[in-house]
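Have a look at the model, then go through the points below.

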Amino acid sequence: MILTPCFERQLVGASRDAGVDRLVVGAVVVRKGRVLLLRRKYGDFMGGLYELPSGLVEPDETLEEALNREVIEETGLQLVQVEGYLGYFNYVSGGGQNTRQFNFMITVGEFSYISLKEHDAFIWAQTSDLDRLRISQAVRDVLMKV
């Protein structure tokens, strides 16, 4: 699935109509039946929480451009293709802004390691691992769609 301009306009427009202040993209990277989760650094907003590779959509970016940039920045992995849209969830950011995170299943290129800059750990998790990880219900719900 490629994010078409029409589909993106629908997502962004509905968000603006709902009073969302910030847009974020999240990547569901699956490898050998496991999903990549990153742990937020302790001391950061929601420190110690496992999350999807994700980040803010800059004003001049499309959702796909933001997804590609954030995956590279947070993991060092290269996005090859957006496979599907897994829905969104809303939350209030550390700065108090209404935020909507759009979540996409993606394929990444071959790699030999994960490069972390903004997180302190990662895990390739199975569904059975989710109960023992500190993870938000919103991310848990997204992963149940995989």
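Is Tyr91 buried, partly exposed or exposed? Tyr91 is partly exposed, with a relative accessible area of 25%. (Buried is under 20% relative accessible area, exposed is over 50%, and partly exposed is in between, using a 1.4 Å probe and protein chains only.)

1. Ground rules. This is a predicted model, where local features need pLDDT of at least 70, side-chain atom pairs count only at pLDDT 80 or more, and totals for chains, interfaces and linings use all residues. Residues are numbered from 1 along each chain as its sequence is written, and side-chain values use heavy atoms, with hydrogens and water left out.

2. Aromatic pairs. There are five of them in the structure. Rings of Phe, Tyr and Trp (its six-membered ring) pair if their centres lie within 6.5 Å; planes under 30 degrees apart are stacked, over 60 edge-to-face, and the rest tilted. One of the pairs is Tyr85 with Phe104, tilted, at 5.3 Å centre to centre and 45° between the planes. Tyr85 is in strand 5 (residues 79-92) and Phe104 in strand 6 (residues 98-108), so this contact ties together parts 19 residues apart in sequence. (Strands, E, at least two residues, are DSSP runs numbered from the N terminus.) Phe104 is buried at 0% relative accessible area, while Tyr85 is partly exposed at 25%.

3. Another tilted pair. The ring centres of Phe89 and Tyr91 are 6.1 Å apart with the planes at 40°, so this pair counts as tilted.

4. Charges over rings. The cut-off here is NZ of Lys or CZ of Arg within 6 Å of the ring centre and within 35 degrees of the ring normal. Arg100 has its charged end over the ring of Tyr88, 3.9 Å from the centre. Arg31 does this with Trp124, its charged end 5.8 Å from the ring centre.

5. Positive phi. Most residues other than glycine have a negative phi. Lys32, though, has a positive phi near 50°. Lys32 lies in the loop between strand 1 (22-31) and strand 2 (34-40), and is exposed at 74% relative accessibility. Met46 also has a positive phi, about 60°. You'll find Met46 in the loop between strand 2 and strand 3 (50-51), partly exposed at 33%.

Methods:
Helix = DSSP H or I, 4+ residues; strand = E, 2+ residues; numbered from the N terminus.
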